[in-house]
Amino acid sequence: AMNRVQLLGRVGQDPIMRQVEGRNPVTIFSLATNEMWRTGDSESSQGGEIWHPHLSFFCNVGDISQKTTWHRISVFRPGLRDVTYQYVKKGSRLYVEGKIDYGEYTDKNNVRRQATTIIA
């Protein structure tokens, strides 16, 4: 079995470091990834050049659509956690490799919620 994810995106806010009593600290931040695709025929619309980050090349396209996905990133490893907290800033372009973790928690209104986190 394998649980591995690779993301390339932009940091949404400066990382924060949290520590729950009795546990090791964790650095947390959000990462936005963009997915772009062609939706129309370039012959019937004005085309332009666009760079697709996942394919790493320019192509001539007509109408394009874009979807932004936000990912919650948690860094537990001491060296990486501290470097991330100190040097990563909002807007930084960042490559993240880790595993997907699905969890549940109870919010302040006593409602059970699900959370997906990338553990880097």
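Modeller: Strands here are DSSP runs marked E of at least two residues, numbered from the N terminus. This is a predicted model, where local features need pLDDT of at least 70, side-chain atom pairs count only at pLDDT 80 or more, and totals for chains, interfaces and linings use all residues. Residues are numbered from 1 along each chain as its sequence is written, and side-chain values use heavy atoms, with hydrogens and water left out.

Biologist: How many bridges join S3 to S6?
Modeller: There are 12, and the two strands run antiparallel. S6 covers residues 64-75, and S3 covers residues 26-38. We say two strands pair if DSSP finds at least two bridges between them.

Biologist: And which strand does S2 join?
Modeller: S2 joins S3 by three bridges, again antiparallel. Ile16 has Ile28 in S3 as its bridge partner. S1 also pairs with S3 in the antiparallel sense, over two bridges, and Arg10 stands opposite Ala32 in S3.

Biologist: Switching topic, where is Asp14 found?
Modeller: Asp14 is in the loop between strand S1 (5-11) and strand S2 (16-18).

Biologist: What is Asp14 in contact with?
Modeller: Leaving aside neighbours within four places in sequence, Asp14 is in contact with Lys89 and Lys90, where contact means heavy atoms within 4.5 Å. A polar atom of the Asp14 side chain lies 2.8 Å from the backbone nitrogen of Lys90.

Biologist: What about pockets, how much space lies in the largest pocket?
Modeller: About 520 Å³. Its lining has 19 residues, and the closest to the centre are Ile28, Arg72, Ser74, Phe76 and Thr117. S3, S6, strand S7 (93-106) and strand S8 (112-119) each supply at least two lining residues.

Biologist: Last one: what does the chain average for pLDDT?
Modeller: The average is 85, and 81% of the residues score at least 70. That score is the predictor's confidence in each residue, from 0 to 100. Over residues 42-48 the pLDDT is below 50, though this stretch has 12 contacts in the model beyond near neighbours in sequence. Where pLDDT is low, the predicted coordinates should not be read in detail.

Methods: Helices (H or I, at least four residues) and strands (E, at least two) are DSSP runs, numbered from the N terminus. A polar contact is a pair of N or O atoms within 3.5 Å; within protein, one must be able to donate a hydrogen and the other to accept it, and residues adjacent in sequence count only if both atoms are side-chain atoms. On a 1 Å grid over the protein atoms alone, a cavity is a set of points where a 1.4 Å probe fits but cannot get out, and a pocket is an open set with protein on both sides within 12 Å along at least five of seven lines; lining residues have an atom within 4 Å of a point. Grid points are joined across faces, edges and corners, and a volume is the space filled by probe spheres set on the points.
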